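Take a moment with the model below.

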Amino acid sequence: MPGRIEDYALIGDLQTAALVGKDGSVDWLCLPRFDSAACFAALLGDEDNGRWRLAPVGATSCSSRAYRGDTLVLDTLWETPTGTVKVTDFMPQRDRAPDVVRIVEGVSGEVAMRGELALRFDYGTVVPWVRRTDHHRVAIAGPDSVWLRSEPPVPMYGRDMRTYADFTVAAGERIAFVLTWHPSHEKRPRRAEPYIALEQSLEDWQAWSARCRYDGPWRSAVLRSLITLKALTYAPSGGIVAAATTSLPEEIGGVRNWDYRFCWLRDAALTLNALIASGFLDEARSWRDWLLRAVAGDPADLQIMYGIAGERRLPEYEVPWLGGYERSVPVRVGNAAAGQLQLDVYGEVLDSLHLARERGLDDEAHAWNLQRALMDFLESKWREPDEGLWEVRGRRRHFVHSKVMAWVAADRAVRTLEAQPGLRGDLARWRSMRAQVHAEVCEKGYDPARNTFTQSYGSKELDAATLLIPQVGFLPPTDRRVVGTVEAVRRELDHGGFVRRYTPDSGSVDGLPGGEGAFLACSFWLADALHATGRPDEAKALFERLLTVRNDVGLLAEEWDPVAGRLLGNYPQAFSHIGLVNTALTLSGMQNGRE
């Protein structure tokens, strides 16, 4: 069985990422991209679905582990009766071919080690043909080829469709293993020099981290979250994946298992704010440029998510040969929600581009024409029901958050024209739309008897997304309806001191059986809302409670189960780490907010 979700640490090369467990096993790796098929898929099945374990003989879990400073280089320490050994795992930023480097270093005494490599291409189902050549083990199956070597050479042998290495490391000795992928029809790529690659990786990450402008009381947590966001970035395009995994469950044994290796528009403005306010303008610009390329085209075809290079077709299918994380099935690849109608994304796009313009990013000449086209389409669509922010698979509804974000789109368009009257656009018409949306939401999306905004028009259910109402400027935080909504969400969506996305018995809304944990991004939104409504001490207490659910290396998943005390959902989750950064900025009094 795989470890708990929080047992995993992340390494990556800005084009893909691997998860390394406390037991020394790489249980998840997709090559060559985040959204490629996994060659190590034990995370969603068992060891027969592919893994690479490197650990002392007989040991089951490491003594300790940590990232080396402000980098993505992972050091794992193993203390055994005969000595102590350190394993350093990292993926060098890529030249052409992706490499995974694992360096074993003797610290004291002498330790017997074992390496076990089980490559299983195409999500754990294809066993490659393995041969020996030029001090390498070469595994080939169809389009995939992997080369494994050690430096200095260590004897390896094959058994039961696996490759093993048994060796001993004494104090002061180092042995490096390098696994390299490339297309099987191409020549062998240039060999990576592991020790040079280690020094270069440390320098690269340290130089990047030094650009962080945040110097508040939670700098360590904020910087680790920013490093994680950087690690989830597909460098060639600037797209940021929602998570490195697919199908980690929102409920153990449940069916809410989705593929998150894509880029969501809902994350756009919050991501931009976190990057800009923290000093990472190059990354913010790359994300903005990815956004412009992805949404270009007919506004009627705007999707809620895209592939990492802007791909539109993300067909969803099930992978029946994988047993699922702790028997949580089905395992899904692709995401059918890409075809849903979610009106909030129009507001997210216009809000993001408005924020980028306000924060000083150079404007793209064609960006305003795109925004005008989006507004023209939204004017004719905003009165329709949709699937909403949470991608419900039940019937469409008039979700309050979707309408609020339609108001945001009109508001940002109006404010842009007011600030730059030379731009083309119908100011009077957009002002009228903004007023109409606002009036309708306040009339139909608000429950005066309970003094709270609801999930959808006429419903009794609540939705944590309404916590964003003051953040986007729809109403001021002093408005009694905002204060009432914050109190209602805090009271009725509470789950062990954290926040659910919506009313727990909303199966009729989302069309799915079972439940889920507390949604961490929503819990950060509550901290923001508490701060905005004049309760900074309560906001700080909630934020610091949220920090305690990070794992030992500072990572968060999508959700937290306060009953079982464990992380749930895909991992590490960009939305959660974005929430951490933005809330820390808010509580520290740094530039933040989307108004």
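**A walk through the model**

The side chains of threonine 533 and arginine 535 are joined by a polar contact of 3.3 Å. A polar contact is a pair of N or O atoms within 3.5 Å; within protein, one must be able to donate a hydrogen and the other to accept it, and residues adjacent in sequence count only if both atoms are side-chain atoms. This is a predicted model, in which local features need pLDDT of at least 70, side-chain atom pairs count only at pLDDT 80 or more, and totals for chains, interfaces and linings use all residues. Residues are numbered from 1 along each chain as its sequence is written, and side-chain values use heavy atoms, with hydrogens and water left out.

Threonine 533 sits in the loop between helix H12 (520–532) and helix H13 (536–547). Helices (H or I, at least four residues) and strands (E, at least two) are DSSP runs, numbered from the N terminus. A polar atom of the threonine 533 side chain also lies 3.3 Å from the backbone oxygen of leucine 530. Leaving aside residues up to four places away in sequence, threonine 533 touches Pro477, Val482, Val483 and Val486. Contact here means heavy atoms within 4.5 Å.

Now turn to strand E15 (residues 174–183). Nine of its ten residues are buried, so E15 is largely enclosed by the rest of the structure. Buried means under 20% relative accessible area, exposed over 50%, and partly exposed in between (1.4 Å probe, protein chains only). Strand E9 (residues 99–118) runs antiparallel to E15, joined by seven bridges. Two strands pair if DSSP finds at least two bridges between them. Valine 100 stands opposite leucine 179 of E15. Strand E12 (residues 144–151) is also antiparallel to E15, with eight bridges. There, valine 146 has tryptophan 181 as its bridge partner.

H6 (residues 344–358) has 15 residues and reaches 21 Å from first C-alpha to last, close to the 21 Å expected at 1.5 Å a residue. The expected span is 1.5 Å times one less than the number of residues. Of the 15 residues of H6, 14 are buried, so H6 is largely enclosed by the rest of the structure. Glycine 360 follows, with a positive phi near 95°. In H14 (residues 574–587), 14 of 14 residues are buried. Just after H14, glycine 589 has a positive phi of about 75°.

Some backbone angles stand apart. Most residues other than glycine have a negative phi, and most peptide bonds are trans. Yet a cis peptide bond joins tyrosine 571 and proline 572, with omega about -20°. Proline 572 lies in the loop between strand E28 (566–568) and H14. Asparagine 451 has a positive phi near 55°. At 17% relative accessibility, asparagine 451 counts as buried.

The whole structure holds seven cavities of 30 Å³ or more. The largest cavity has a volume of about 180 Å³. Of its 16 lining residues, the closest to its centre are Glu250, Trp258, Trp390, Glu391 and Arg501. On a 1 Å grid over the protein atoms alone, a cavity is a set of points where a 1.4 Å probe fits but cannot get out, and a pocket is an open set with protein on both sides within 12 Å along at least five of seven lines; lining residues have an atom within 4 Å of a point. Grid points are joined across faces, edges and corners, and a volume is the space filled by probe spheres set on the points. The largest pocket has a volume of about 330 Å³.
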